[in-house]
Amino acid sequence: MTIAVYPGSFDPITLGHVDIAARAAAIFERLVVAVFDAPAKSLTFTSEDRIAMAREALAHLTNVEVIGFHGLTVDLARRVGAQVIVRGLRAVSDFEVEMQMAFLNRRMAPEIEVVCLPTSLEFSYLSATMIKEIIRLGGPTEGLVPHHVGEALRQKYLGDASTGPVPRFLNS
Ligand code: PNS
């Protein structure tokens with residue numbers, strides 16, 4: 001069985017991530033979406049919230065599992081028996097960073113392949129950072145993030161001014 005790991009910060013998961021996970025799930029028999037606990041950037045959501053949002057967003061993909069992880073991606077890949085690390089490519093600007101990560105991961109784990117999947121054109125401009133800015137400024141997020149993620153972002157940034165119920169996975 002070919003198992004792939006799709007690691008990321010997923011802060012929060014976007015429809016671009018969902019697109020990559022769906023593509024990878026169609027190629028590999030099992031896909032482990034792995035939410036990194038401590039990226040070197042300031043986070044909007046806790047690990048628990050990021051995992052819960054990703055689980056809900058990917059619940060329709062039956063061969064996909066979402067887990068949190070700590071430590072190196074290659075160690076996680078070995079632990080879950082994955083032969084492949086999947087990453088999404090949006091634009092040329094992603095390429096340099098992804099190549100750097102792929103080379104470093106290969107140095108540490110030559111037996112694991114890195115597979116980069118180009119995202120659908122409609123998501124190629126998506127970034128979690130820009131989506132957060134749109135939300136902060138009261139803009140619409142349909143077509144950018146799953147509905148429950150849009151609600152969680154609105155709750156986070158707009159608090160009581162937000163319409164709709166408080167998402168159940170938000171701690172605070
Ligand atoms: O969604 P992101 O922030 O682009 O994901 C980056 C991520 C989580 C894939 C990367 O930072 C990572 O693999 N972190 C785990 C620690 C690790 O293995 N670092 C070395 C990567 S070469």
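Predicted model: local features only at pLDDT ≥ 70, side-chain atom pairs only at ≥ 80, totals over all residues.

Student: Fine. Which way do β1 and β2 run, and how many bridges join them?

Tutor: Strands β1 and β2 run parallel, joined by 6 bridges. Within that pairing, valine 5 stands opposite valine 32 in β2. The chain crosses from β1 through α1 to β2, and this β-α-β crossover is right-handed.

Student: What about β1 and β4, in which sense do they pair?

Tutor: They pair in the parallel sense, over 2 bridges. Here alanine 4 stands opposite valine 84 in β4.

Student: And is β1 enclosed or open?

Tutor: It is largely enclosed by the rest of the structure, because 6 of its 6 residues are buried. In a regular strand the side chains alternate between the two faces of the sheet. In β1, both faces are covered: Ile3, Val5 and Pro7 are buried on one side, and Ala4, Tyr6 and Gly8 on the other.

Student: Back to β2. How does it pair with β3?

Tutor: Strand β2, residues 30-36, pairs with strand β3, residues 64-69, in the parallel sense over 6 bridges. The link from β2 to β3 passes through helix α2, residues 47-57, and this β-α-β crossover is right-handed.

Student: Which sense do β4 and β5 pair in?

Tutor: The pairing of β4 and β5 is parallel, over 6 bridges. Valine 86 is the residue opposite valine 115 in β5.

Student: Let us stay with α4. What span should it have?

Tutor: At 1.5 Å a residue, its 17 residues should span 24 Å; the end C-alpha atoms are 25 Å apart, which agrees.

Student: Which of its residues are buried?

Tutor: The buried residues of α4 are Asp94, Glu98, Ala102 and Asn105. An α-helix has 3.6 residues a turn, so residues three or four places apart point the same way. The cover over the buried residues of α4 includes α3, β4 and β5.

Student: Why does glutamate 98 count as buried?

Tutor: Its relative accessibility is 7%, and buried means under 20%, so glutamate 98 counts as buried. Leaving out residues up to four places away in sequence, glutamate 98 touches Arg87, Gly88, Leu89 and Cys116.

Student: Changing topic: what volume does the largest pocket have?

Tutor: The volume of the largest pocket is about 1,100 Å³. Its lining consists of 42 residues, and Gly8, Ser9, Lys41, Arg87 and Glu98 lie nearest the centre.

Student: Which element gives the largest share of that lining?

Tutor: That is α4, with 9 residues. At least two lining residues come from each of β1, α1, β4, α4 and α5.

Student: Where is phenylalanine 10?

Tutor: Phenylalanine 10 is in the loop between β1 and α1. Its phi is near 50 degrees, a positive value in a residue other than glycine. With a relative accessible area of 2%, phenylalanine 10 is buried.

Student: Which peptide bond is cis, and what is omega near?

Tutor: The bond from aspartate 11 to proline 12 is cis, with omega near 0 degrees. Proline 12 also belongs to the loop between β1 and α1.

Student: Last one: is glycine 81 buried or partly exposed?

Tutor: Glycine 81 is partly exposed, with a relative accessible area of 37%. Glycine 81 is found in the loop between α3 and β4. The C-alpha atoms of glycine 81 and leucine 15 are separated by 27 Å, and these residues are 66 residues apart along the chain.

Conventions:
Residues numbered from 1 in each chain as written. Heavy atoms only, no water. Pairing = 2+ DSSP bridges. Helix = DSSP H or I, 4+ residues; strand = E, 2+ residues; numbered from the N terminus. Right-handed = clockwise from strand over helix to strand, strands pointing away. 1 Å grid on protein atoms, 1.4 Å probe; cavity = no way out; pocket = protein on both sides within 12 Å on 5 of 7 lines; lining within 4 Å. Points joined across faces, edges and corners; volume = space filled by probe spheres on them. Buried < 20%, exposed > 50% of the residue type's maximum accessible area, 1.4 Å probe, protein only. Contact = heavy atoms within 4.5 Å. Expected span 1.5 Å × (residues − 1).
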